[in-house]
Amino acid sequence: MEGRQTDMTLIPQDLFQKLEFDKILQLLTKHCYGELGKAAVLELAPQTDVQWIRTRLGEVEEYVLALDEGEKLPIAAYDNLAEELRYLEVPDYVLSVEALQRIHLSLRLTAALIDFFSPERQEAYPQLYELIRPVPVDPALAEAIDEVLDEEGEIRPDASPELLRISKSILAKQKELDRRFRQLVNTYRKQGWLTDNVESFRNGRRVLSVPSEHKRKIRGIIHDESATGKTAFIEPEGVIDINNDIFDLQSEEKREIYRILKALCATLRPCVPQIRAYQELLVRFDVIQAKAALARRMDAKKPTVLDKPHLGIAEGYHPLLYLHNKEREKPTISFDLQLFGANRILVLSGPNAGGKSITMKGVGLMQLMLQAGLLVPAREESEFGLFQKLFADIGDQQSIEQDLSTYSSRLQNMRRFLEAADAHTLVVIDEFGSGTDPQMGGAIAEAILHQLNRRKIYGIVTTHYSNLKIFAFKTKGLVNGSMAFDKDTLSPTYQLKIGKPGSSYAFEIATQSGLKENILGYAKKRMGKSDQAVDELLVDLQRERQELEERLNRLTGQEEKLDKLIKNYEHMHRELEHRRKRQKLESREQQLQSAARDNKELERLIREIKEEKNLEKAKALASRVRKDRKELTEQVSQLREEVYRPRSKQEKPIEVGDFVKMRSGGASGVVEALEKNKAIVQMGLMRMTVPLRDLQPANAPLDTQGQRSVQTDMVKSTAAFNSKIDIRGMRVEEALQMVEDFVDQALLANATQLEVIHGKGTGVLRKAVHQKLREYDLNMEVWHPSPERGGDGVTLIEIA
């Protein structure tokens with residue numbers, strides 16, 4: 001189970017509270033079914049392993065997909081079995097019926113969860129199934145408990161033949177007791193020796209309720225008297241033996257039940273590790289379903305996760321603000337934060353209550369959520385990088401215990417940031433530089449920001465200081481941003497604008513608040529005209545700079561497209577030249593073969609000429625034939641050299657153990673042996689003998705499940721080629737390997753019409769097949785047939 005162990009450096013210690021990640025965890029606990037799930041959720045912490053994060057996000061995404069599809073995974077309330085399993089490991093220890101009931105419930109839940117994953121669901125939710133797949137399934141455990149406990153959790157009367165005999169005997173004695181007791185009650189009632197209540201139970205015995213003046217008239221055992229002493233509770237002599245028999249039978253029953261439970265515990269004891277694995281599986285699914293439930297509430301998605309620092313949020317929301325507004329049916333304004341190129345730090349400015357802090361905290365909170373394996377409220381097109389460290393400086397930092405003011409405490413945070421920050425750090429700072437004299441505070445903040453930028457950090461800094469806006473404009477690595485403000489209504493719009501610094505709009509807001517004009521006039525004079533113009537000038541400069549950068553980006557993009565077009569043209573030209581030479585080679589080889597076939601006829605003519613004693617004519621004819629054949633042979637050799645020699649000078653000679661592929665495209669294989677100008681290559685299911693000139697170096701393929709190979713020659717492998725393949729029911733990796741081998745064999749057999757049957761299902765296999773076909777550098781046409789012939793469940797391929 002996942003605990004709060006993180007390899008991520010977090011400053012300060014209460015960073016979860018500062019960014020309100022603790023509130024996200026509390027929300028998750030409300031969706032958990034068990035106490036263990038709640039405990040696991042509260043221990044969630046961000047990680048830095050990209051594979052761990054992608055796996056956790058994929059699991060939650062699949063669970064959300066299942067819920068959206070109307071699937072109901074069989075996860076429900078369950079108990080913590082830690083204590084029961086600890087006692088069960090003690091030799092000869094016998095668990096109570098209640099403890100066995102709790103174990104039985106967990107076993108049943110686990111069995112239902114495993115049964116949920118049918119072959120279709122295994123394909124639809126592969127990452128969730130991967131959690132189930134390694135768990136050993138032993139239905140005998142639950143069946144062993146079923147033989148002892150009924151559906152209500154009580155001991156079955158037929159749990160053993162002996163218990164069944166005892167149960168029947170008790171029932172018979174109870175009937176006998178009831179019949180005898182009714183007879184005695186009728187007798188004593190007629191004589192007026194009983195109270196109105198007639199009977200009761202004392203010490204586990206059925207007794208008569210007798211007035212004290214008549215207690216000596218009834219023979220039997222007095223078990224009790226009322227508090228007033230007016231009533232005695234007597235077990236009549238006529239039922240004492242029957243009650244004794246019932247008591248003895250019940251004692252036997254208890255001993256037999258103890259024996260049955262002891263045997264059941266002995267059966268379960270070797271399986272304690274397996275039951276623990278079941279418990280952990282339930283907790284894992286409980287955490288996943290809680291994440292999925294919260295994700296659906298906040299419309300969270302799985303973004304692209306990059307294994308490097310990066311911020312590329314598209315239509316993101318502060319998670320808690322989104323939920324708060326959603327409950328009140330209020331809209332929430334999204335934000336786009338794309339820090340690309342050299343820009344790593346956003347200096348965010350704008351009026352108070354305009355959304356600066358919410359946006360900044362939203363980015364930090366989403367980063368924590370993502371690295372803890374939670375989906376985030378942003379579009380799927382968003383790109384989140386991973387950070388090894390996350391620092392935050394937010395809110396009032398005053399410390400009475402350490403005798404620190406707010407500003408002193410914030411400076412201590414800055415010192416710790418500078419000591420630990422590097423290129424894998426995300427820093428969020430609210431109201432940077434505030435808490436002291438604005439001029440000195442702004443200067444110190446600029447110096448700190450300069451040092452953080454030199455350490456290549458990523459970050460978001462909110463501020464009102466003009467010097468920081470100017471610094472961001474002039475410094476590579478920093479970019480200004482603002483929260484838009486409606487000057488007409490003097491109200492914030494909560495929209496983030498990258499590339500444009502924001503004004504605090506202090507005078508406009510002061511006017512709206514009702515301050516008198518003479519006060520504002522005095523303030524404006526004290527401020528000075530030059531200070532008033534700084535923000536406006538900075539906005540203009542930033543706009544011009546942004547326009548130039550956008551134009552430069554367009555030109556760069558056009559240049560890249562031009563380079564690609566040139567490379568494509570050169571490649572096509574080389575391919576065309578190669579094909580032309582190959583056609584010429586094939587023509588010359590045919591001529592050479594024809595010349596060989598005509599050789600006998602030429603020899604016959606020469607013999608005839610010699611017989612006619614015309615030696616000069618024979619010599620001339622023989623010389624001309626040899627010359628023609630030599631020229632044709634030289635042409636063929638030259639063309640072979642041009643066609644089959646590696647086209648890249650960087651290609652090294654092929655050796656045993658190298659990975660290679662056919663020059664015509666297709667799967668890669670490994671060279672097992674070299675024989676003269678040929679290589680024996682293991683390709684998928686086939687071992688082929690291929691001329692070296694038809695091979696080129698290739699990268700090592702992905703590992704696939706090993707299967708027995710079939711040794712064959714190229715010619716033999718094409719003899720029994722079947723142009724149809726059925727991959728329904730296969731896992732994606734196995735299916736792709738089969739398709740790859742299928743197309744390779746088709747190429748070797750010169751087959752042009754192919755058919756792949758993959759079924760409709762969720763479309764996963766169909767998409768995977770189409771993606772695999774796009775990897776071939778061939779002129780092929782791919783389409784689906786009419787519904788009568790299979791529709792989307794079949795892919796037809798024509799190779800030109």
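**A tyrosine and its surroundings**

Reply: Let's start in helix H13, residues 319-327, where tyrosine 322 sits (helices are DSSP runs of H or I, at least four residues, numbered from the N terminus). This is a predicted model, in which local features need pLDDT of at least 70 and side-chain atom pairs pLDDT 80 or more, while totals for chains, interfaces and linings use all residues. Residues are numbered from 1 along each chain as its sequence is written, and side-chain values use heavy atoms, leaving out hydrogens and water.

Tyrosine 322 counts as buried because its relative accessibility is 14% (buried is under 20%, exposed over 50%, partly exposed in between, with a 1.4 Å probe and protein chains only). Leaving aside residues up to four places away in sequence, tyrosine 322 touches Arg297, Met298, Asp299, Tyr317 and Thr332 (contact means heavy atoms within 4.5 Å). With aspartate 299, the tyrosine 322 side chain makes a side-chain polar contact of 2.3 Å (N or O atoms within 3.5 Å, one able to donate a hydrogen and the other to accept it; sequence neighbours count only if both atoms are side-chain atoms). Isoleucine 333 is 11 residues along from tyrosine 322 in sequence, with 8.8 Å between their C-alpha atoms.

Now for the helix pair. In H6 (residues 97-116), Leu100, Ile103, His104, Leu107 and Arg108 meet Leu141, Ala142, Ile145 and Asp146 in H9. By class, that contact has six nonpolar, one polar and two charged residues (Ala, Val, Leu, Ile, Met, Phe, Trp, Tyr, Cys and Pro are nonpolar; Asp, Glu, Lys and Arg charged; the others, Gly among them, polar).

Notes. Helices (H or I, at least four residues) and strands (E, at least two) are DSSP runs, numbered from the N terminus.
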